[in-house]
2 protein chains.
Amino acid sequence: MYPNCVRNLIDSLKDLPGIGEKTAERLAFSILNFEKEKIDTFANSLVEIKNIKRCPVCNNITDMDKCYICSNDKRDKQTIFVVEKPKDIVLFEKMGNYNGVYHVLDGLISPLEGINPEDINLDNLVKRVKENDVKEVIVVLKPSIEGETTMQYIKKILDKYNVRVSKIPIGIPMGTDIEYIDSMTLEMAFEDRKDIA
Amino acid sequence: MYPNCVRNLIDSLKDLPGIGEKTAERLAFSILNFEKEKIDTFANSLVEIKNIKRCPVCNNITDMDKCYICSNDKRDKQTIFVVEKPKDIVLFEKMGNYNGVYHVLDGLISPLEGINPEDINLDNLVKRVKENDVKEVIVVLKPSIEGETTMQYIKKILDKYNVRVSKIPIGIPMGTDIEYIDSMTLEMAFEDRKDIA
C-alpha cells in the first residue's frame, strides 16, 4: 500500500523501542514533510553513528581514540564511578560537580541470563585500580538482584587493593510521596538511615 | 557530552512529532545497539524517501510516475474518495472492499489560516470529474469547521456536473460509550439519523 521506501522507513522506525506500526506510520509521514536538508542530516547521523566505538579505557562511547572524559587531563583519574551503560554517564555529567572518571560495565552479573563476572568488563576495572592507584570506586547500579550481586562482586575483587568501594544509598527520590514507594525500597532505605546532622 | 554524530542523531529524532530530548536520547542509544546492516537500511530508507513525489492524477505519494492505484486498470475511475492527506488512503485501502480511486487535497479551506479554495488542489478534482464522467465523489474529511466548509465548497463546484457528491455521516465510533461523545457530535448524528431497517 505504501511505496517501498516508505514501507522500509516505517519498518526501520518500528525497530525503535516502544514504537509500533501506527506511531511508525505517523513518524514516517512527518519525515515526508521534512525539508530535504533535514532528511540528509538525519541519514548522515545514522551513517556516522556506525563509527562510534568504545573507549579502550572506560568503555564509554566515543568517536575518537579515547573518550572526551578519559582524554581530559584535568579529570581526577583516581576516582571512578562504575555504571551499567554509557547513557548513565550523561546523567552524572549533568550534575556538573563530578570531576572523576567512569567505568562502564557490559551489563550486570545475572547467572539466570548466563551473564557471568568475566563477561562484564571487570578485568579492566581491576587493572585501572591497580595501575592508577585509585582512591575510590563508587558503584552506581540499578537497585535489583543483579545490581546488588554485581556491587558485592566488585567489592570482593577490589578488597585487596587500598581503595574505598562505595555505593549510592537506596532511598526516596526528591519530591516523591512515600505512598508511591514500594516496601522493599523503604526497608532498604531504613537500613541505610543516617543521623540528622 | 555526546560524540557529535550521537548529538546530531538525537537532534534529528527530536524533530519527530511527540519526541522530546529524553525519548530521543533513549532511541539514539537503542540505535547504537542495532546491527550495522539495520542502520544502513534505516539510513537508506531516509535517502530514498527524498524521491517520493506526488501522483499527478490524485496527489497520493508515489515513487513511480503515477501512484499504484491510478496505474491500476482494474480500479473504477468513476468513483472518487476525496481525502485530506495521503495517509488517509491507507485507512480506506485497509477496508479492502473499495475499488474506486482517490483525490488527495492539499489541506482544508481555512480563511483564518489563509488557505483558500484555490490552494487545495480542487481544480484537478473538477478536471477529473469532467474528463472521466465520474459518477460519485465521496468527500471524507475531518468533521470540523474547515472540513464542513471544504465539503460544502466541493458540493458547490461539482453541482453543475452530473455527479453524486456524498459524505460519511457523523456518528459514534464502534464500541465507544455514548458518555464519551461530545454533544455537538450527538446533535449532528441525530440529524443524520436513519430508519432502522
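Lys130(A) belongs to helix α5 of chain A, residues 122-132, in a predicted model where local features need pLDDT of at least 70, side-chain atom pairs count only at pLDDT 80 or more, and totals for chains, interfaces and linings use all residues. Helices (H or I, at least four residues) and strands (E, at least two) are DSSP runs numbered from the N terminus. Side-chain values use heavy atoms, with hydrogens and water left out. Lys130(A) counts as exposed because its relative accessibility is 52%; exposed means over 50% relative accessible area, buried under 20%, and partly exposed in between (1.4 Å probe, protein chains only). A C-alpha separation of 9.5 Å divides Lys130(A) from Val163(A), 33 residues apart along the chain.

The loop between β4 (100-104) and α5 of chain A contains Glu118(A), which is exposed at 58% relative accessibility.

Asp11(A) is partly exposed at 34%, as is Arg7(A) at 24%.

In chain B, the side chains of Lys167(B) and Glu148(B) form a salt bridge at 3.6 Å, N to O. Lys167(B) lies in strand β6 (residues 164-167) and Glu148(B) in helix α6 (residues 145-157), so this pair ties together parts 19 residues apart in sequence.

Definitions and conventions. Residues are numbered from 1 along each chain as its sequence is written. Chains are lettered from A and ligands numbered from 1 in the order in which they are written. A salt bridge is a side-chain nitrogen of Lys or Arg within 4 Å of a carboxyl oxygen of Asp or Glu.
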